[in-house]
Amino acid sequence: MPTALGKLRGRDTHFTEALERARDVLDHFTPPGAAGTEAGDAGFVTFELDEAMAGLDRGEEESAFATRGGAAVEAIVRSTLRPSFYMSRDRILSAREGLSDIARQLMEGMDLDFDDRDLFEAQRMLVETRAMAAGRLNLFNGFREYAGTGWLVDDGIAVTNRHVAELFARRWMGEDWEFQEGQFDRRIEVRLNPLEQIDTPEDPTRAAFVTGILWVAGSGEPDMAFLKVHAPGAEPVPLAADLPGAETPISVIGYPERDPRDNPRHLIVSFFGDRFGVKRCAPGRVMRADAWMLEHDASTLGGNSGSVVIATETGEAVGLHFAGAAQERNVAVPSSTVAAALRRLKSQIAMPALGGVAADAEIETSRADFADREGFDRAFLGVETALPGLGAWQADLAPVADGGTELRYVHFSVWQSASRKLPLLTAVNIDGARLRRVPRRGTWRLDGRLDRAHQAGNELYRSNPLDKGHMVRRLDPCWAEDINDEATILKAQADTFHYTNSAPQHEQLNQRDWVGLEDYILDASEEYGFKVSVLTGPVFRDDDRRLKNQPGAEDIAIPREFWKVAVMRRADDGALSATGYVLSHGEIIKGLTEAEFVLGAYETYQVPLALIEGATGLDFGRLKEADPLHVADMHEAAFGRQVMRVRGPGDLTLAATPR
């Protein structure tokens, strides 16, 4: 199968000259190796070009730019003796004895025969230990459940394939890598979970949080990427220094997905059974290995991309699996190439930032940077929008360095609870006629105007499935009197990325009902060009629970309900209208806290403002009279039609929206 290079060579007499120029460009952008690194490391990115040119000079049709044989997907290479064993509770199920009922049913009819069984059984515990470093790259807010496989290759560093990382990573302005935007106007979040196994309970302490993208190979480079992970206590897989010989027994650890491309269906059923997307160990042997590529015959499918190829006898990683050709071979990046890239990476970055104390360092916006912030405009709607009275919470507000208790940002303000270290109340002005939907860009920061003891930073979110839930949504204040005033709009977006504007919310809650409500309010204001002021906050209760096993955040109670009030002018008579909503976590965060919640499943409701008053201790004053659900008897409201479940936009009433 001719490669793109081969085709170009046949058409262009100046191909060799162009290839030389390409090599010069790559050499120019390849940073020199740091002192102490091996001399060969600096050139590992461009060795493919050398090999390609040498191959073309020999008249070969293919080169190192393509996997020989047209390999493109993971594959079943041999029709016998190459099963893919389920893993359960970190054990490899290579035999039928001592199985759970679930495992026995799943393995019924599977062919478990393979060669090298004696060696495998002798080294089983070592392979199982190494397999604990490999996990499924689960995506949250993404457009698919998971991307592939990754494994810990060093303290705080995981490795996977380039084509896997590209499912959630993107280059920002040609410089640093960052997470892509996913669903619900949120960045994709990635976790490396080694416990996606059959019949295996979840353990949140085992999931490694992917906190950054360190490096993604470019086109023409080995198919790999390095990720920054928070995985305390996990042991990386050691990399083999030497290439393995042909016939070396190996074990491939990964997460094959249902993938019939080019693979005979009867072999998929025989080797893989009928459960996919779970952890597997596939035994096999090395077919050949050189500086560019390791070929092996273990059975793999799509989802195995990024799998670790372990030498069964030594427990060392000999390769990073990336592709295959059905009935022919599977291919991996040799561990020597992975090691060279890793050494080079570590020479160019500050390693303390990959783990330990430095990883927890917080960015703080200084007091001086807020000098021009005017905050929430109470007269924004043309008539006074009185903020709710704070009642007993007034004495609990965190003092602001410049005086008072109002933290002013661009088009919004926050009042922070000192005891809870979270926002008590936020208020934002939204101008639908001047709104700009800018790409998501922001880094969470502390606010230098508050004492550090009065705000919760990333210690609250580091090792659990809680989202940094914007109280003021990032797009809400992104407008300016001059719609082309991009500086103001971007400053407004950046202001929303302060921890003072964040409260912990379960990831699924943040993605569904609440975001749907926020979308509707924002979209309506933009479509009809009207203004709206939105007040938001958590419901603080005395019995809110605290997180378990969360160093630095043990004293922070997690609210289980949130409220929102949308205030606008009615289209017909210009009078104020105020509608209130609540959202309950309910059972969705059960298990994260010291005790189980007794509430039902979370729901979103439109409710009278008086109900929000009763739950929060705030006083909405005359705004209650502008509430279409206002009733004098709250007992009637609580159990009558005045409390309405919100299942979609059709259940919402915004008085300013034309009908």
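Here is a chat about a predicted model of a protein chain.

Student: What about contacts in the chain, what part comes from residues 24 or more positions apart?
Tutor: Such pairs make up 73% of the contacts with a separation of 6 or more.

Student: Let's zoom in. Where is Glu406?
Tutor: Glu406 is in the loop between β17 (364-365) and β18 (407-408).

Student: Is that side chain's residue, Glu406, buried or exposed?
Tutor: Glu406 has 10% relative accessibility, so it counts as buried; the cut-off for buried is under 20%.

Student: Which side chains make polar contacts with the side chain of Glu406?
Tutor: Arg378 is one partner, at 3.3 Å. Arg408 is another, with a polar contact of 3.2 Å between the side chains. Leaving aside residues up to four places away in sequence, Glu406 touches several residues, including Phe376, Val400 and Trp415.

Student: Switching to helix α10, which residues are buried there?
Tutor: In α10 (residues 486-495) they are Ile489, Ala492, Gln493 and Asp495. They cover an arc of only 160° around the axis, so they lie on the same side of α10.

Student: What do the buried residues of α10 pack against?
Tutor: They pack against β19, which is residues 412-417.

Student: Now salt bridges. How many are found in the whole structure?
Tutor: A search finds 45 salt bridges. Side chains of opposite charge can pair when their charged atoms come close.

Student: Are Asp544 and Arg560 buried or exposed?
Tutor: Asp544 is buried, with a relative accessible area of 4%. Arg560 counts as buried too, at 9% relative accessibility.

Student: And how about Arg622 with Glu625, how far apart are the closest N and O atoms?
Tutor: They are 3.9 Å apart in that salt bridge. Arg622 counts as exposed at 69% relative accessibility, and Glu625 is exposed with a relative accessible area of 56%.

Student: Last one: which residues are linked in a network of salt bridges?
Tutor: Arg78, Arg82, Asp115, Asp116, Glu247, Arg285 and Asp297 are linked that way.

Methods: Residues numbered from 1 in each chain as written. Predicted model: local features only at pLDDT ≥ 70, side-chain atom pairs only at ≥ 80, totals over all residues. Heavy atoms only, no water. Helix = DSSP H or I, 4+ residues; strand = E, 2+ residues; numbered from the N terminus. Buried < 20%, exposed > 50% of the residue type's maximum accessible area, 1.4 Å probe, protein only. Polar contact = N/O pair within 3.5 Å; in protein donor to acceptor, adjacent residues only side chain to side chain. Contact = heavy atoms within 4.5 Å. Arc of directions from axis to C-beta. Salt bridge = Lys/Arg side-chain N within 4 Å of Asp/Glu carboxyl O.
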